[in-house]
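Q: Please take a close look at one helix of this model and at what surrounds it, and then connect that part to the rest of the structure.

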There are 2 protein chains.
Amino acid sequence: MATDLEIARAATLQPITAIAEKAGIPEEALVPFGRHKAKIDLGFLRAQAEKPRGKLVLVTGINPTAAGEGKTTTTIGLADALNAIGTRTMICLREPSLGPCFGVKGGATGGGHAQVAPMEDINLHFTGDFHAITSANNLLSAMIDNHLYWGNGLGLDPRRVTWRRAMDMNDRNLRNMVLGLGGAAQGMPREDGFDITVASEVMAILCLARDLADLQERLGRIIVGQTRDGQSITARDLKADGAMAALLRDALSPNLVQTLEGSPALVHGGPFANIAHGCNSVMATTLGLSLADVVVTEAGFGADLGAEKFLDIKCPSAGLSPDLAVVVATVRALKMHGGVAKAALGTEDVAAVERGVVNLVRHVENMRKFGLPVVVALNKFTTDTAGEIDAVRHAMARIGAEAFLCTHWGDGAAGATELARAVRKLLDEGHAKFRPLYDSALPLADKLRTIAREIYHAAEVQIPPAIAARLKRFEEMGFGHVPVCVAKTPYSFSADPARLGAPEGHVLPVREVRLSAGAGFVVAVCGDIMTMPGLPRRPAAETIGLDAEGRIEGLF
Amino acid sequence: MATDLEIARAATLQPITAIAEKAGIPEEALVPFGRHKAKIDLGFLRAQAEKPRGKLVLVTGINPTAAGEGKTTTTIGLADALNAIGTRTMICLREPSLGPCFGVKGGATGGGHAQVAPMEDINLHFTGDFHAITSANNLLSAMIDNHLYWGNGLGLDPRRVTWRRAMDMNDRNLRNMVLGLGGAAQGMPREDGFDITVASEVMAILCLARDLADLQERLGRIIVGQTRDGQSITARDLKADGAMAALLRDALSPNLVQTLEGSPALVHGGPFANIAHGCNSVMATTLGLSLADVVVTEAGFGADLGAEKFLDIKCPSAGLSPDLAVVVATVRALKMHGGVAKAALGTEDVAAVERGVVNLVRHVENMRKFGLPVVVALNKFTTDTAGEIDAVRHAMARIGAEAFLCTHWGDGAAGATELARAVRKLLDEGHAKFRPLYDSALPLADKLRTIAREIYHAAEVQIPPAIAARLKRFEEMGFGHVPVCVAKTPYSFSADPARLGAPEGHVLPVREVRLSAGAGFVVAVCGDIMTMPGLPRRPAAETIGLDAEGRIEGLF
């Protein structure tokens, strides 16, 4: 069977100018990066701001399992199929992180016949956005330490610096360090660490910014730490916001690429889906909606985390009103939710599907709470049996939803035609009455309780007094109106990754709250979160290389 | 008076396709990055390898002073003037480092009417080469620490890891650190630090590589540290070379830009001029020579460091044979070499010029030792008087050299016509009989002694026994044939930055020797060297920002 890389290479890509023309982007608005990638000029985005808006479709999923679901491939396959049935459709995806390509995960450009291309470029340096974010993040760090070094006029407490450095690399050794060693001329010793670039608040800011001015404004609001008496020091206090914005100017322009079937795709921004909101940039989504009749986009993790943040953080912040949600599931993953081990997934087990489908049912019902019509995409594997598929369909029928079998991985657009027709029909009928889950005026703790109750079906949110006091403090600082961004395990509705299916009555323990003042949300950390991954014993990097023609091998 | 940025913005740039056409590069060999930058496809470089070669002109300078000399502007002005008099000329320059733009130094794209453009792009992210180098450097670091973490099968001694991490930032707090803290799951505690990206051996390798295969071969040879019993561990032992080469694949392609007067310029690579060889890439220089009748290039610092390394490291390694050296000086800088303080440079002082010109005389004589004809470019400032200029001319006449007054900063090509005519005449006459200073078979210590004697006029090289033993060890390891790269102060022929002019009889103390096995040289550290700069009290970053149209302000 051909690998993703082989399929991608066998495809003949169109010049990016042709893709742009198809999308309605004039050549003069294109900033080419080679023949198959381009940035879109910000001036063109400004001119498009008043154009009528297309429909917005969110692709989300059940709680992820080791079996894999295929959210990105479904996003691509659905868009290709919508284009194939004559609906002008664009895709909005996140940019993959370079670091994980060298670990286990591989790239994030879809798979099989549902890919965006050129995959090697997109997975590695692409158009340099992540490098720009890394630089902006670390310029702020350098200016913090430089301020401490030259006398610390602002009185920043070196022990209370919360801003960390960033690198787009899986490198556990950078998690915790003492730097500034070597004596008075070499800096200011203090504890610090690196997060992977996607976890930087700069990434979240780039993805939520509505224009360059908003970008700089948000960068200036970043809180880097506190003085001894608890006053916040911001990037603006350090006069770092202008230079950071200069570093990010080009990165704010969305990137245009294509699917293997020639659909235009905007691949732009890639914030972490736990300590940030996990969806592509507002700039790209807004541009896509001004150009196409339908934009298909994706949110990270399962719908409890990714879709909730898309709907409660990104959409209100950007003034977006989505029209439909597609929830992706596989029979294999539902069997894992029903208690089957990964090794046994090849054996038919209808009862396990019936037990596990409760996870899918809850996600569908949750999406409806936002006023969205929902369809289910059942991403087919060769091991799926008719009985198992029927079990999913029956469960969906019981809640008035429809599940469509999709084979875009193997068949491209042709494998998602039925799904596309159903999506098109629902969009044309206009069922959506989008509303975020909570009002921005609600106190921060109550926002969190609302998410826990309505989405996670938790019985209780455990907020220790010190954390409750911090939330109060954020409100006093003027950040009571912002949404809450939950960082918890993606594997379960609960905070316990082992509780699959549709757990109820559990307790959500809040361990820590952080204010991302620039991005504009409060992060509620509920469980262990990892902001700098490590490499495995045998990293993929060991087998990545160049072939005799200088092409990259071993990326997957 | 207009700033460099204002002059650059007022210029109308030609599409990079037009510049390429002028240079003889077909459009299909161009990989555009926007409208005014492009990479050149490596396949085209391979096809050009057999083409006849143009003449190679090296622009170098006296020992730098606080007064400034203008080597880059002279390189650009000379090339513009050569083109203006009908000689097909290309420029080869180093890429500026992003980090220093936020400190005091500013960019490195020339100045006045002798600039390469677009200056904001070139000074910031450009085409991403430095980011790729940073990533490759740090992937190797991550794989080193990951190897230690997962059991250290190679027996690498964590205390003997010499490979450091890299960042393109002026950030003194990253110089020395203890990382890997936090317990067994968080890594392996050890001492480490970051160098600025230009100081990475990966940068030197990229600049010396002759093709992709040579690049990967050199990367594999990098020595990252030793076992307890002194065996070297390489990047190849860690299986990191393939993934590093994949990260660097696009970065190996030279970048094409233009001067404000439309001369084609290859701006590619930028190794440190102390612990590395300090000149642009072999790939770019070789490409330029295959396309143009004359290539004008530049080496870092003064001729004692930059030109010597260009001639003894880069040229032999790449099989290049330069045809002429231009030594750049200013009256102001010569007055500083003659003992005048910076504040007093505005006052005429012919005697000081006569005292200081010995520095220029020696550099001219040194260049002749390599078999090169030499001309002097006297970069004119408004404060220079006729008497001072005559003093330089007379000193040059005494050694049979000619000094040409240049005003390209203010006048562009027209200000360097006389210099260009003289260069053209000497090239046509074909005086060059290039030979490196020493034979590659000479023992390493003798190579160093030859440089010290012939170029620095030192009486003695002080090599402590432990360092002599290390040099022997390098020879036993098979690295006796490589050149020696001296890291010493650029401000003096001696190791003492205060000894201006033309000191004699001094002692060159060797503090440390390092083997850059991938780059292919031995570094002899003679004095303090700084591989990670810091920011000043008031960093330029504080005044860099975006104007209302989103253009970058405050870069200089």
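A: In this predicted model, B:Asp211 caps the N-terminal end of helix α9 of chain B, with a side-chain oxygen 3.2 Å from the backbone nitrogen of B:Ala213. A polar contact of this kind is a pair of N or O atoms within 3.5 Å; within protein, one must be able to donate a hydrogen and the other to accept it, and residues adjacent in sequence count only if both atoms are side-chain atoms. Residues are numbered from 1 along each chain as its sequence is written, while chains are lettered from A and ligands numbered from 1 in the order in which they are written. Local features need pLDDT of at least 70 and side-chain atom pairs count only at pLDDT 80 or more, whereas totals for chains, interfaces and linings use all residues, and side-chain values use heavy atoms, with hydrogens and water left out.

The helix α9(B) covers residues 212-221, and B:Leu212, B:Asp214, B:Leu215, B:Arg218, B:Leu219 and B:Gly220 are buried in it. Helices (H or I, at least four residues) and strands (E, at least two) are DSSP runs, numbered from the N terminus; buried means under 20% relative accessible area, exposed over 50%, and partly exposed in between, with a 1.4 Å probe and protein chains only. The cover over these buried residues includes β25 (545-546) of chain A, together with α3 (42-48), α8 (201-208), β13 (232-234), α10 (241-248) and α12 (303-318) of chain B, where contact means heavy atoms within 4.5 Å.

One of these covering elements, α12(B), leads on to a sheet: α12(B) lies across β21 and β24 of chain B and runs at about 170° to β21(B). Axes are lines fitted to C-alpha atoms, for helices over the stretch in contact, and angles run from 0 to 180 degrees between N-to-C directions. The sheet in chain B is open, with three strands in the order β21-β24-β23 and mixed pairing. Its edges are β21 (484-488) and β23 (512-516) of chain B, each with a single partner strand, so one side of each is left without a neighbour in the sheet. From one strand to the next, the twist averages 25°. Two strands pair if DSSP finds at least two bridges between them; β23(B) and β24(B), the latter spanning residues 521-526, pair in the antiparallel sense over five bridges, and B:Val523 in β24(B) is the bridge partner of B:Arg514.

B:Asn152, in the loop between α7 (129-149) and β7 (156-161) of chain B, has a positive phi of about 55° although it is not a glycine. A cis peptide bond joins B:Ala117 and B:Pro118, with omega about 0°, and B:Pro118 is in the loop between β6 (114-117) and α6 (119-123) of chain B.

A:Cys92 is in no disulfide, as the nearest cysteine sulfur, that of A:Cys279, is 11 Å away. In chain B, the sulfur of B:Cys406 is 20 Å from the closest cysteine sulfur, in B:Cys92, which is too far for a bond, and B:Cys406 counts as buried at 1% relative accessibility.

Note on methods. Disulfide = S-S within 2.5 Å.
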